[in-house]
Amino acid sequence: MNELVEKIGHCVERGKINKASPFPGNMKGQDGADELTRQALEAGMDAEAILQSCIAGMVRIGEKFGRNEVFVPEMLMAAKAMKAVTEHLKPFFQSGSVQAKGTLIIGTVAGDLHDIGKNLVSMFIEGNGWNVVDLGVDVKPEKFTDAIRKNPRCVVGLSALLTTTIASMSKTVREIKALFPEIKIIVGGAPLTMEIATGMGASGYARDPQGAVTWLTDIKETA
Amino acid sequence: MTDLQWDILQKVVGGGAVNPLPIGFIIDSPWLPNWYGVKILDYFSNDAVWLDANLKAVRDFPDVMFLPGFWSEFGMCTEPSAFGARGVFPADEFPFAHKIISSADDIDSLRVPNPATDGLLPFMLNRLRLARPRIEDAGHKIRFAVARGPLNIASYLMGSTEFLTAMMMQPEKAQTLLKTITSFLKDWLGLQRETFPSIDGIFMLDDIIGFLGEEEFRTFGLPCFKELFTTDVSIRFLHNDAPCRVSAPFLPEMNVNLFNMGFDISLAELKDLTRNQVALLGNIPPRDVLAGTDTAKIAGAAAELVKSLPDTSGIIFSCGGGMPPGVSSENMRVFIDAVRN
Ligand code: B12
């Protein structure tokens, strides 16, 4: 792989967003994902290769996270660095020369404010090459259906951390399915099980971000 | 807590073994209203309902320590309300507060709230002041000054992702925010102590420290907690039911002497991590076991927990985290019997 392209993946892994960012301490003052991507594109490097290098960087940091070698803040920084890259790649997505794997609309359901798990899921999926629209916490069903209208080919992800908001999640699934019967919905969050997910009519359930990525890859392949 | 319970707690925190084995639970609005049979909003808005629910708990379970005991609170809106955050109170769901800081640049304009007058805090304190005679008639006393911890409050005010990102991108701003909150917390805990001279403990709840690596914890967590827990009260109690392997070794340095953890770490491992210097309150799984429908599973988990400890000194038997919604009296009795027998 080209050295510059590889460096971009390294910046994503380390969460080095741009030159001005003080994080990580030992890369202070160096060019980050932002500057290096601009340089790479100016030098005519392949946008798809840049994206793949970033995905590989996200996979590496994800593995470190799984081994408790890095923590949530480092994951957040990696996701931000990845965002800095995809900003530059936008024109290539639009022209079709680079393809996002799809769009995921994700949110924590109404009445629930827990979002640390949901944010990790959304980062992993974005890091895997999906376009993610994150609607935040306490998301009412109408907000999901509005977002689906704007992204008709999307997949939806719902998160709930309270046993009490499982009912709110069921309601959200029902309202989405009533308007968009074809839309696939994956649900997750610690109090859920496959049984509860199936019972509420969700299309899929995953315990963790890796499971969500596998499920998304499967539905894309069978689509 | 009664005088006897307070003595037992002090003994356990001093590292002593007590017989029968001590049992304690953190109880507040996620559990009490539903257990008492009232709507969450009624529990918050009617002081008599709040007091009766709390009195019923201590009367039905005289052999259980309820911590902090008669906790006057408004769920997750309590402290953020003093900073001006908009609280949302659905009739029978858990309240939460909206953020007030949309970018790290807003931090400089944040003022230290006055706990005597701001947000819901005067209501909290006054509810407790009015209830005090009845609490004392029932043989109990107000023992703890209580607050959510600084990182927890910071993440309400900014949003968890935004606060954790600010720590990495704009560390000075994150420090300024934590300084403002810590200064507020000192005033707030101080005011509670001034109002109720029977207070001899501080209880803080902060799950956000659970998501930091060691370097961030040392920089952003340790100093505030050290400052807040360095006081002359006898019980310095911390709750963090998110991951705690990074912060646990620092608990003695934070001046914490009683800790409630999440269920995903064993008490034996925690005794090790804290070099046996901190009493522990835990730790059967709250939602999946204690609140479940399988009482045999509760009895099994409780018996297993007792068996797993060659030395039960410094332990209060409980669940890993606060009492979750939906735990019935029967489930509690099964737990108590299994621990004691
Ligand atoms: C951190 C935390 C908080 C923080 C949340 C901060 C934030 N911004 O998210 C704070 C302190 C604010 C909080 C508040 C409350 N909390 Co809380 N909280 C927790 C805690 C300790 C950890 C949750 C967490 O973030 N875990 C880490 C992440 C990484 O894991 P995760 O969320 O499970 O997510 C993973 C998977 O589930 C999955 N996943 C998640 N979402 C999705 C979505 C999809 C699509 C997929 C595929 C997968 C997926 O992937 C994630 C990554 O691996 C848990 C206890 C515990 N140890 O689990 C209690 C817990 C969830 N809270 C609980 C309670 C009761 C509350 C409150 C009601 C308390 C109160 N007094 O008001 C309030 C909620 C108010 C409201 N209206 O929402 C209870 C719920 C009990 C129950 N029966 O439902 C718990 C279980 C604690 C307990 N005592 O049992 N809490």
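Modeller: Contact, as used below, means heavy atoms within 4.5 Å. By that rule, and leaving out residues up to four places away in sequence, B:Phe335 touches B:Ile23, B:Phe25, B:Ile284, B:Leu290, B:Ile298, B:Ala302, B:Phe317 and B:Ser318.

Some conventions come next. Residues are numbered from 1 along each chain as its sequence is written, while chains are lettered from A and ligands numbered from 1 in the order in which they are written. The model is predicted, so local features need pLDDT of at least 70, side-chain atom pairs count only at pLDDT 80 or more, and totals for chains, interfaces and linings use all residues; side-chain values use heavy atoms, with hydrogens and water left out.

B:Phe335 is one of the buried residues of α14(B). Helices (H or I, at least four residues) and strands (E, at least two) are DSSP runs, numbered from the N terminus. Buried means under 20% relative accessible area, exposed over 50%, and partly exposed in between (1.4 Å probe, protein chains only). Along with B:Phe335, the buried residues of α14(B) are B:Ser329, B:Asn331, B:Met332, B:Val334, B:Ile336, B:Ala338 and B:Val339. An α-helix has 3.6 residues a turn, so residues three or four places apart point the same way. Helix α14 of chain B covers residues 329-340, twelve residues, and reaches 16 Å from its first C-alpha to its last. That is close to the 16 Å expected at 1.5 Å a residue, where the expected span is 1.5 Å times one less than the number of residues.

B:Phe335 also belongs to the largest nonpolar core, a set of 147 residues, where B:Phe25, B:Phe163, B:Leu238 and B:Phe335 touch the most other members. Its largest share, eleven residues, comes from helix α4 (residues 72-95) of chain A. There is a second, separate core of 23 residues, which includes A:Ile105, A:Val109, A:Phe144 and A:Ile185. A nonpolar core is a set of buried Ala, Val, Leu, Ile, Met, Phe, Trp, Tyr and Cys residues joined through side-chain atoms within 4.5 Å. In soluble globular proteins, nonpolar side chains tend to be buried together.

The ligand lies between chains A and B. A residue is near a molecule or strand if one of its heavy atoms lies within 4 Å of it. There are 43 residues around the ligand, of which A:His114, A:Asp115, A:Ser159, A:Thr163 and B:Asp241 come nearest. They divide into 24 nonpolar, ten polar and nine charged. Ala, Val, Leu, Ile, Met, Phe, Trp, Tyr, Cys and Pro count as nonpolar, Asp, Glu, Lys and Arg as charged, and the others, Gly among them, as polar. The largest share of this shell, four residues, comes from α5(A).

A polar contact is a pair of N or O atoms within 3.5 Å; within protein, one must be able to donate a hydrogen and the other to accept it, and residues adjacent in sequence count only if both atoms are side-chain atoms. At the ligand, a nitrogen atom lies 3.0 Å from a backbone N or O atom of B:Phe94. For B:Gly322, a backbone N or O atom is 3.1 Å from a nitrogen atom of the ligand. For B:Ser160, a side-chain N or O atom is 3.4 Å from a nitrogen atom of the ligand.

Elsewhere in chain B, B:Arg127 lies in helix α6 (residues 121-137). It counts as buried because its relative accessibility is 1%. The side chain of B:Arg127 reaches the backbone oxygen of B:Phe44 at 2.9 Å. Beyond four places in sequence, B:Arg127 touches residues including B:Tyr43, B:Asp47, B:Trp50 and B:Glu73.

B:Arg275 sits in the loop between α11 (267-273) and β9 (279-284) of chain B. At 46% relative accessibility, B:Arg275 counts as partly exposed. Apart from neighbours within four places, B:Arg275 is in contact with B:Pro249 and B:Pro252. Its phi is near 50°, positive in a residue other than glycine. In chain A, A:Asn68 has a positive phi of about 60° and is not a glycine.

Two cis peptide bonds remain to be listed: B:Leu67 to B:Pro68, with omega near -5°, and B:Gly282 to B:Asn283, with omega near -15°. B:Asn283 lies in strand β9 of chain B.
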